[in-house]
Amino acid sequence: MEHLQNQVVRAIKKFRMFPRSEKILLAVSGGKDSLALWDMLVDMGYSVDGLYIDLGIPEYSDVSGQKTQNFAESRGLVLHEVSLGKTYGVDIGHIARKTKRPSCSVCGVLKRYVMNMVADRHGYFAVATGHNLDDEAAVLMGNVLNWQTEYLQRQSPLLEAKPGMPRKVKPLYRLAERETAAYCVLRGIDYIMHECPKSEGATSFTHKEVLNRLEAESPGSKDHFLLGFLRTAPQLFPQSSSDDGPELQQCTRCGQLTTAEECGFCRQMARAGLDSLALFDSSVSPERN
Ligand code: SF4
Ligand code: ZN
């Protein structure tokens, strides 16, 4: 347990993710990674509130939401809840069908939007997610296989804040999945063991399987692959000071900063016949003690 916490401390320090004095928002799914991270950070004295996004997926969302609420209640922690199911009576699959896009891509737009909005409204210094070594190595493999240089350039445990977007951090990037699972068992944390049903057939799972086979043949491969990339990335992709990014304007519907007239989330919801502004009406955001 000490080793695992040390790895998280190392990650936070190396990338100067956040100081102890700042308030952090952690995206929590009810799974082992996000709950283990919440537990570790609070144990280490950080000020961390949770954000749970209910995707309305039958059975899966009920269980994951319950596990998250139980964890927060048992430790007296603040949990923000934003619910697709309660707001619209639909699940993420409904939006995917209406917009003819994969569920995970629709989900990505929704999650990024909600994280940005909640962090902005409540003034959080950074948003943390529970991405671990296996997740990040699989993403890296996908980016390399497709030579997605733009994504490679942005792949980092720390993304600095930009207008309309809070700082994003991944303090678990040095820990493997089985390590966070072991942490949960040792700490008695009850987490949802099932994967999201929409993840079936995702290429990231194939990449994880391939990396697991490499790891079994040659222990340390995942570490070398990801940590080696993170060490080399600054030389591969030196920051261009002249790159200020595209010009941003306020979304005419919700006010979020965006490059187009309406932001991607409002456009996605409109295509699904849903009112994007209603999403936060049924959300629960308790006050901090
Ligand atoms: Fe969202 Fe896809 Fe992950 Fe499920 S598997 S939580 S739909 S990104
Ligand atoms: Zn918008």
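In which strand is Thr258 found? Thr258 belongs to strand β8, which spans residues 257-258.

## Basis of the report

This is a predicted model, in which local features need pLDDT of at least 70 and side-chain atom pairs count only at pLDDT 80 or more, while totals for chains, interfaces and linings use all residues. Residues are numbered from 1 along each chain as its sequence is written, chains are lettered from A and ligands numbered from 1 in the order in which they are written, and side-chain values use heavy atoms, with hydrogens and water left out.

Helices (H or I, at least four residues) and strands (E, at least two) are DSSP runs, numbered from the N terminus.

## Thr258

Thr258 has 7% relative accessibility and therefore counts as buried; the term means under 20% relative accessible area, with exposed over 50% and partly exposed in between (1.4 Å probe, protein chains only). Between the C-alpha atoms of Thr258 and Gln148 there are 23 Å, and the two residues are 110 residues apart along the chain.

## The six-stranded sheet

Six strands form an open sheet with mixed pairing, in the order β3-β2-β1-β4-β6-β5. β3 and β5 (158-159) stand at the edges with a single partner strand each, so one side of each is left without a neighbour in the sheet. Two strands are taken to pair if DSSP finds at least two bridges between them. β5 and strand β6 (residues 167-169) run antiparallel and are joined by two bridges; here Leu158 stands opposite Val169 in β6.

Strand β2 (residues 47-54) has seven of its eight residues buried, so it is largely enclosed by the rest of the structure. Five bridges pair β2 with strand β1 (residues 23-27) in the parallel sense, and Ala27 has Leu51 in β2 as its bridge partner. From β1 the chain passes through helix α2 (residues 32-43) to β2 in a right-handed β-α-β crossover. A crossover is right-handed if, with the strands pointing away from the viewer, the path from the first strand over the helix to the second runs clockwise.

β2 also pairs in the parallel sense with strand β3 (residues 79-83), again over five bridges, and the bridge partner of Ile53 in β3 is Val82. A right-handed β-α-β unit is made by β2, helix α3 (residues 60-75) and β3.

## Surroundings of ligand 1

Leu55, Cys104, Cys107, Lys111, Cys196, Lys198 and Ser199 surround ligand 1, each with a heavy atom within 4 Å of it. By class, this shell holds four nonpolar, one polar and two charged residues. Ala, Val, Leu, Ile, Met, Phe, Trp, Tyr, Cys and Pro count as nonpolar, Asp, Glu, Lys and Arg as charged, and the others, Gly among them, as polar.

## Cavity and pocket

On a 1 Å grid over the protein atoms alone, a cavity is a set of points where a 1.4 Å probe fits but cannot get out, and a pocket is an open set with protein on both sides within 12 Å along at least five of seven lines; lining residues have an atom within 4 Å of a point. Grid points are joined across faces, edges and corners, and a volume is the space filled by probe spheres set on the points. The count comes to one cavity of 30 Å³ or more. The largest cavity is lined by Glu136, Gln155, Ser156, Pro157, Tyr173, Leu226 and Leu230.

The second largest pocket holds about 320 Å³ of space. It has 16 lining residues, of which Leu133, Ala176, Arg178, Glu179 and Asp223 are the closest to its centre. This lining divides into four nonpolar, four polar and eight charged residues.
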